Amino acid sequence: MSFLKILVINAGSSSLKYQLFNTDTGEVLAKGLCERIGIDGKVKHSVPGHETYVEETPMRNHGDATRIVIRLLTEGETAVLSSLSEIDAVGHRVLHGGSEFTKSVIVDERVIAAIKKCIPLGPLHNPANLTGILACEEVMKGIPQVAVFDTAFHQTMPEKAFLYALPYEYYEKYGIRRYGFHGTSHRYVSQKAAEYLGKPAKDLKIIVCHLGNGSSISAVDGGKCIDTSMGLTPLEGVPMGTRSGSIDPAILQYVMDNEGIDIAEMTSILNKKSGVLGISGVSSDFRDLDEAKAQGNRRAAIALDCFMYAVKKYIGAYAAAMGGIDALVFTAGIGENNSAVRAGIVSGLEFLGIAIDPEKNKTREIDISAPGARVRTLVIQTNEELAIAIDTESLVKNR
Ligand code: ADP
């Protein structure tokens with residue numbers, strides 16, 4: 001076996017994203033998206049160097065979608081494999097692994113039961129992720145499957161970082177604690193940062209800012225996550241595209257009483273109508289906010305300020321938590337692409353040894369640190385799908 005072909009699946013409630021990797025080179029052989037599963041059904045399939053293939057075809061469930069993916073991968077003009085048996089393993093993104101999973105695992109009955117047990121913690125995602133796993137088990141019988149959890153990397157947090165100051169019985173009875181998310185990304189980019197710096201991860205204190213539509217910050221000390229900004233759910237932490245991030249919990253009752261809304265509507269507002277969209281009234285997308293700010297929109301400017309200020313405070317907090325910082329890493333849509341936001345976040349952090357070179361910040365360079373800055377500031381592209389493929393390969397090879 002020279003190299004493995006790993007199919008990575010990210011199943012949502014009515015969608016299924018997939019990428020087929022050659023794990024030797026990290027090359028993507030094909031990728032695509034099935035949408036509107038259970039409604040009607042549409043698939044977009046792309047092979048590097050070829051035009052994207054689009055087909056509208058009924059998909060009653062994730063099993064149908066998986067069969068269509070296999071057909072596109074193995075038959076006709078879209079094919080990149082001669083048969084299904086060329087797929088060595090399937091890696092699945094699973095949102096919530098609770099405290100059960102500290103790393104990726106090969107799926108068996110016990111794992112399926114544990115993912116089910118975590119459904120109350122990830123009610124929107126875990127059922128869909130599980131459906132994806134079950135569909136692949138059915139359609140790709142005998143091909144090993146691996147579950148990679150968004151929460152796993154954060155499970156090294158100490159109790160003082162993950163416990164909420166609530167009656168302890170809620171933790172015991174319901175598992176209410178900080179779990180953290182984007183763990184696959186935080187792990188991948190912190191490892192890449194150590195590689196780039198040419199130092200063992202165990203000797204580094206790294207703060208990773210994963211800034212995308214959803215944003216989270218984590219403190220990685222000696223290769224282990226010791227704290228992260230998202231909590232029981234991805235709602236906690238910095239303000240995001242549409243999520244509020246951390247707020248005074250007493251606000252909920254106050255708004256509900258005044259607006260005459262119930263907790264379900266309140267929670268939906270916190271998840272979908274808050275964050276920079278809520279403050280600006282313009283958009284959840286930072287490109288739109290930049291544009292509105294440039295045109296003099298005051299609320300767009302404040303929304304950006306609130307976001308940058310919140311991220312900056314986490315950097316200060318996590319430098320304190322680790323007793324220092326060697327590298328600050330920006331990743332994901334905003335972290336990788338928005339130089340103005342990066343500059344806004346780090347401004348005033350010179351006292352921590354953080355300073356960026358304004359010119360390098362505008363380029364696509366990895367190291368954007370100012371000459372002589374004690375802390376290295378890096379921009380590293382995240383690749384959660386590749387990380388899932390690498391985990392899957394290593395578990396399958398070491399079986
Ligand atoms: P998600 O959390 O949905 O994966 P992303 O990581 O793609 O989201 O982040 C989305 C955010 O990243 C948006 O606010 C957008 O403004 C920003 N972004 C993404 N790509 C670019 C780009 N090429 N240039 C500038 N901003 C970008």
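## Basis

The model is predicted: local features need pLDDT of at least 70, side-chain atom pairs count only at pLDDT 80 or more, and totals for chains, interfaces and linings use all residues. Residues are numbered from 1 along each chain as its sequence is written, and side-chain values use heavy atoms, with hydrogens and water left out.

## Ligand shell

The shell (residues with a heavy atom within 4 Å of the ligand) holds Gly-212, Asn-213, Gly-214, Asp-285, Phe-286, Arg-287, Ala-332, Gly-333, Ile-334 and Asn-337. Three are nonpolar, five polar and two charged; Gly counts as polar and Asp and Arg as charged.

Helices here are DSSP runs of H or I with at least four residues, numbered from the N terminus. α10 (286–294) and α12 (332–337) each supply at least two shell residues. α12 gives the most, with four.

## Polar contacts

A polar contact is a pair of N or O atoms within 3.5 Å. A backbone N or O atom of Arg-287 sits 3.2 Å from a ligand oxygen. A polar side-chain atom of Asn-337 is 3.3 Å from a ligand nitrogen. A polar backbone atom of Gly-214 lies 3.4 Å from a ligand oxygen. The protein covers 62% of the 570 Å² of accessible area (Shrake-Rupley method, 1.4 Å probe) that the ligand has on its own.

## Cavity

A cavity is a set of points on a 1 Å grid over the protein atoms alone where a 1.4 Å probe fits but cannot get out; lining residues have an atom within 4 Å of a point. One cavity of 30 Å³ or more is counted. The largest cavity holds about 40 Å³ of space, the volume filled by probe spheres set on the points.

Its lining is Leu-163, Tyr-164, Leu-166, Pro-167, Tyr-168, Tyr-170, Tyr-171 and Ile-176. By class, that gives eight nonpolar, no polar and no charged residues.

How values were computed: On a 1 Å grid over the protein atoms alone, a cavity is a set of points where a 1.4 Å probe fits but cannot get out, and a pocket is an open set with protein on both sides within 12 Å along at least five of seven lines; lining residues have an atom within 4 Å of a point. A polar contact is a pair of N or O atoms within 3.5 Å; within protein, one must be able to donate a hydrogen and the other to accept it, and residues adjacent in sequence count only if both atoms are side-chain atoms.
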